Amino acid sequence: MFIYGRKTVTTTRFGHVHREIAKKAAVAKVRCSMSEGKGVVESVRVALEENDFHLIKEITSFINIGDLSDEEIVTIMRDARKILHSLTLDFYGLVNALLSVQWKNRSLDAIQAYSEFTVDILVARNAYITVGIPNLILNWIPRYKESGDWTNGSPSKRVHTDLRTVHGLLNRILAAVPMSFDVVIDTITAKFPYFKKPPHFTICYIYNVLWLMKSEPLYEELLLQLVINKLLILDVNAPREKIEELREEVDEDEPEEIFQMDDVNTSPKQAQPLDHPIGHTLDICLLQLFKFLDDKFRPLLNSDDDQRVSKNRFFKILIQIFDDIILPSHDPHHVQFVIFHVCSIRPAYEKSFLSFLWLKVQNPNGFPVMRHVAVCYIASYLARAKFVPLSTITYYLQKLSNWANTYINDSDEFGGKSCSLKANMVFFSVCQALFYLIAFRARDLTRNAKILKLLSSLQLTRLAMCHFNPLRYCLPTVAIAFAGVARAHQLALDTFFPFDPYIPPISGEYIEPNYLVYKVHDLNETAEFLATNTMRQKRGHGEMDEEDDDNDFIPVEKLQKLSELSNSERFEKQYYYGTSPGFNQY
């Protein structure tokens, strides 16, 4: 145990004062030498010719600890540029001090002098790239007190000006030394802020990575991979359930207005930031990414072939990153909406995305879990995307049905096939996707007799009643919505439909216009329509042929129960979201 007495305190204070006096004396000495023309150039000459590094140590210390004026920065940087060929690794400390000079909030001449020296030394002496580039990228990380300089992911004018200098230097260095990008990507990865840091740390960093992607498209694949990986870390640490709990707590604390009057002149209510700090960080970062993707993919008037090729190439990169990073991720919450948003921009992207997923489902050599996840993405996407045409939905309903019925045929032919969930995971996933899509898109799929006839051609009765009994493994709410099953099942397929309701409010402006929210009355109308139609056929008043009896794929009494159930708030809440996309699990 240490006891600090009066003597110890006095000695400590004396030591501190002594060090300050010595430091000021050293700074004054160097300033005096510089005024006599004995600056960087003379110090390096003495070190090379006389092997005396005393002056180098003095001027290095002066650069590190001295409060340099703008004029001193200009003088030192210009002198250093004159002797670039002499600044070998023997002068590592001096060069490191020069590259670490705080140039922000300086005069234009000082910033220009620093910039020119930085580019020249890194190009002339590649060994210093590992020093210069990290010093530049550190400027991407703001200070704690600078949170006010970032509003919804956009920097203040002052910060933007500083960052423009940094990116200008990086672009010049990469153009002169392309191999330096290895150092750039390693540094960006190593310096990425910890996800629990204040939001403006990660927001600023993501903003700069996206900026670099715009200016250096040659490296956009590696940079986008990094961004998606980091956003996934935020995503898994900001689950929907936690965000909703905090939102409900805030709503409960807010007093209710007894009288609310409409004001036609009132501007639209702005989205409020999430109370979940990591969720808020994710929200703003996704907003930045959506803006970036909009600029990247939105068609331009009079665009040429090169621009179209560039967009298609970048979409292929995005699909590859989705395949490598997002698809294998367990139960992500919001990052997957990146592909949802991009597909809403152009129908060709949607077609490519669904084709990519369907190829995975069909691949017999793929891992069953990955095929199962691909089915979940198909079902959730077709259910939630407003912009998907009905023809696409019916096309994939037929694809899913044909695959499932072929699977049953093969099992009947070879016989003895196990009916366990593990052995038939993909089959049960496909069946549940069919049931989910029909339940969710009931209004669209029961508009007229033509579409109803298509439903009857899917052989849904055979699927539901086959020896595999797929309803046994479906999520109970899926089974109830599809077939009116009134009992709970002990087993449920561990399913996740990735496009559950999008929670982040600020970036949600890019998702909400294209996102379909489940409505209870859709199911209610569907149940009543099908029940009435079936009753008419039973009584002989139907207009369809006997072959259309297959439309009776759901018993009337179950449809009536389904109609009653659809009126309850409980059913609506189950369809909102839960452990799987769109449903809670019992």
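What follows is one connected answer, starting from a helix and its two partners.

Reply: This is a predicted model. The part to look at is helix 10, residues 199-215. Two helix pairings involving helix 10 are described here, one with helix 9 and one with helix 8.

Start with helix 9, residues 181-191. Its axis comes within 12 Å of the axis of helix 10, and the two cross at roughly 165°. Angles over 145 degrees count as roughly antiparallel. Helix 9 is therefore roughly antiparallel to helix 10. The crossing is left-handed.

Which residues of helix 9 and helix 10 meet? From helix 9 come Val184, Thr187, Ile188 and Lys191. From helix 10 come Tyr205, Val209 and Leu212. By class, the residues of this contact are five nonpolar, one polar and one charged. An α-helix has 3.6 residues a turn, so residues three or four places apart point the same way.

Now turn to helix 8, residues 157-176. The axes of helix 8 and helix 10 come within 11 Å and cross at roughly 45°. That angle makes helix 8 oblique to helix 10. Here the crossing is right-handed.

Helix 8 brings His160, Leu163, Arg164, His167, Asn171 and Leu174 to the contact. Helix 10 answers with Tyr207, Asn208, Trp211, Leu212 and Ser215. The residues of this contact divide into five nonpolar, five polar and one charged.

Is cysteine 204 buried or exposed? Cysteine 204 has 2% relative accessibility, so it counts as buried. Cysteine 343 is likewise buried, at 1% relative accessibility. A disulfide is a covalent bond between the sulfur atoms of two cysteines. This structure holds zero of them.

Next, the strands. Serine 154 belongs to strand 2, residues 154-155. Serine 154 and isoleucine 203 are 49 residues apart in sequence. Their C-alpha atoms are 8.9 Å apart. Serine 154 is partly exposed, because its relative accessible area is 34%. Beyond its neighbours within four places in sequence, serine 154 is in contact with Asp149 and Lys291.

The loop between strand 1 (150-151) and strand 2 holds asparagine 152. Its phi is positive, about 50°, although asparagine 152 is not a glycine. Asparagine 152 has 40% relative accessibility, so it counts as partly exposed.

Another asparagine has a positive phi. Asparagine 105 has phi near 60°, again in a residue other than glycine. Asparagine 105 sits in the loop between helix 5 and helix 6. Is asparagine 105 buried or exposed? Asparagine 105 is exposed, because its relative accessible area is 64%.

Helix 5 itself spans residues 92-99. Its buried residues are Leu94, Val95, Ala97, Leu98 and Leu99. What covers the buried residues of helix 5? The cover includes helix 2 (40-50), helix 3 (54-65) and helix 4 (70-82). It also includes helix 6 (108-124) and helix 7 (129-137).

One more site is worth a stop. Tryptophan 403 is found in helix 18, residues 390-414. Tryptophan 403 counts as buried, because its relative accessibility is 16% and the cut-off for buried is under 20%. Setting aside neighbours within four places in sequence, tryptophan 403 is in contact with Trp358, Gln362, Arg371, Val426, Phe427 and Val430. Take valine 430 from that list.

Last, the whole chain. The protein chain has 26 helices and two strands. Buried residues make up 50% of its 586 residues. Consider contacts between residues at least 6 apart in sequence. Of these, 77% join residues at least 24 apart.

To return to the request, helix 10 is roughly antiparallel to helix 9 and oblique to helix 8. The handedness is left-handed with helix 9 and right-handed with helix 8.

Notes: Residues are numbered from 1 along each chain as its sequence is written. This is a predicted model: local features need pLDDT of at least 70, side-chain atom pairs count only at pLDDT 80 or more; totals for chains, interfaces and linings use all residues. Side-chain values use heavy atoms; hydrogens and water are left out. Axes are lines fitted to C-alpha atoms, for helices over the stretch in contact, and angles run from 0 to 180 degrees between N-to-C directions. Helices (H or I, at least four residues) and strands (E, at least two) are DSSP runs, numbered from the N terminus. Angles under 35 degrees count as roughly parallel, over 145 as roughly antiparallel, 65 to 115 as roughly perpendicular and the rest as oblique. A crossing is left-handed if the near helix is turned anticlockwise from the far one by less than a right angle, and right-handed if clockwise. Contact means heavy atoms within 4.5 Å. Ala, Val, Leu, Ile, Met, Phe, Trp, Tyr, Cys and Pro count as nonpolar, Asp, Glu, Lys and Arg as charged, and the others, Gly among them, as polar. A disulfide is a pair of cysteine sulfur atoms within 2.5 Å. Buried means under 20% relative accessible area, exposed over 50%, partly exposed in between (1.4 Å probe, protein chains only).
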